[in-house]
Amino acid sequence: YYMYKNYKISLILLLSGEGARFGSDIPKQFHNLSGKKIYLHTLDTFYGLNIFDEIILVCHENWIDIVKKETAKLKKIKVISGGKTRQQSSFLGISSCNNPDFVMLHDAVRPFVSKKIIIDNLDSVIIHKAVDTCIQSTDTLVEIDKNKKIEKIPNRANLLRGQTPQTFEYDLILNAHKENLNNNLATDDCGLVFNKIKIHVVDGDENNIKITTKLDLFLAEHLIRLKQNDLMKNLNTSLENKVYAVVGASGGIGKELVNLLRKEKAVPLEISRSSEYKTNLENPEEIKKTFNEIYKKHGEISGIINAAGIFLVKPLKDTSKDEIENLVKVNLLGLIYCCKEAKILKNGHIINISSSSFYKGRKDYGVYSATKAAIVNFTQSLAEEFPDLNINCLVPQRTNTQMRRKFFPDEEIDTLLDPKNVAEEIINILKNTNLTNSIIEIKK
């Protein structure tokens with residue numbers, strides 16, 4: 001991005017809305033998306049480009065202190081209070097800029113903006129002075145009268161849907177705002193310069209969604225997983241001599257992971273009832289003793305992978321008290337105690353393995369599904385508690401393990417994940433030192 005060094009560029013992220021349509025006491029930009037606030041996902045993309053001379057966060061006044069605290073370690077950040085309308089908030093942000101050549105404005109609730117869109121905006125604004133980001137409409141659009149009767153059906157090919165970012169020559173947009181201080185009719189900044197200059201359009205992206213409703217947030221959770229999977233490709237970080245505790249190392253995913261860690265020249269510590277560190281995961285005292293022994297021998301380790309679990313398919317009315325308690329103790333409580341007792345190096349990893357059944361309780365194994373849903377929530381909470389660690393939850397789909405084949409012997413093997421593929425994804429996560437608070441789905 002050497003060419004941008006010749007210009008001074010400011011970024012304004014708009015996060016002052018109250019989110020009335022979202023239907024929550026918490027504004028939508030401050031809701032968690034895969035364990036991390038939506039506006040922080042958005043900020044990460046822009047901040048990582050290292051292009052902007054200043055980043056102004058226009059914030060709801062009740063959240064200013066929280067935003068300042070959450071961004072305190074970042075450079076070139078300014079947090080200001082927004083206005084009652086989007087136009088007022090934009091003007092306050094623009095007025096706070098330190099006289100840049102160009103200014104880019106973006107909705108903080110569009111966390112999937114791509115680097116390509118940002119660069120296309122900057123390339124174009126240098127030439128055209130005003131740039132909007134738009135996508136084609138796949139729906140037919142109609143124009144109606146006051147009685148809800150269709151008056152016109154415009155040609156869809158000539159109609160686009162506006163997104164953000166929008167980018168402008170600074171003096172152009174500043175003066176446009178000053179001329180419209182008493183007019184709050186514009187729904188975005190392009191509306192203020194429409195009569196002053198021809199606005200250039202760059203291609204947006206269908207994934208660059210604006211999170212406005214809870215349905216949008218549900219969709220965003222799936223999009224974030226796709227994004228996280230892309231982040232884990234082509235990583236070359238070495239795991240040589242790094243020490244990892246593998247809980248549930250004697251079978252399935254855990255066994256495959258131990259083999260792959262050895263190939264990476266890492267040091268896997270096997271924890272199970274029958275492994276190197278013999279441990280009953282139903283017993284918190286045994287778990288504590290195991291991790292004390294590990295600490296005495298190895299000191300703080302590079303990470304822990306919780307791959308242990310038991311499975312039971314049986315109607316609840318036929319499930320005994322001991323069976324219910326064993327499921328909860330091994331699948332959930334054992335995992336929690338392992339996370340509690342492990343001594344992990346700064347920037348190390350905790351990977352907890354859940355299951356695709358966490359989305360929806362499945363007939364005849366509701367207790368199992370409940371423990372897997374709890375693992376997801378626990379992992380997200382843990383990641384917020386320990387920001388100096390990389391803490392993630394892995395969600396494999398149905399996997400070809402001995403445990404699963406016992407209960408579903410007629411399943412076609414070709415429809416199941418190979419445990420080795422799951423173990424390979426774990427290796428990729430361990431090589432990534434900038435991924436946390438994430439639910440990572442693995443599909444066949």
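This is a predicted model: local features need pLDDT of at least 70, side-chain atom pairs count only at pLDDT 80 or more; totals for chains, interfaces and linings use all residues.
Which residues are exposed on the other side of H9? Residues are numbered from 1 along each chain as its sequence is written, and side-chain values use heavy atoms, with hydrogens and water left out.

Okay, helix H9. Helices here are DSSP runs of H or I with at least four residues, strands are E runs of at least two, and both are numbered from the N terminus.

Ile287, Thr290, Phe291 and Ile294 of H9 are buried, meaning under 20% relative accessible area with a 1.4 Å probe, protein chains only; exposed is over 50%, and partly exposed is in between. The buried residues pack against strands E12, E13, E14 and E15 plus helix H10, with contact meaning heavy atoms within 4.5 Å. And my opening question? On the other side of H9, it's Glu285, Lys289 and Lys296 that are exposed.

Now the ends. At the start of H9, a side-chain oxygen of asparagine 283 comes within 2.9 Å of the backbone nitrogen of glutamate 285. Just after the helix, glycine 299 has a positive phi of about 70°.

Last stop: glutamine 163, which sits in strand E10, residues 160-169. Glutamine 163 counts as buried because its relative accessibility is 7%.

Methods:
A polar contact is a pair of N or O atoms within 3.5 Å; within protein, one must be able to donate a hydrogen and the other to accept it, and residues adjacent in sequence count only if both atoms are side-chain atoms.
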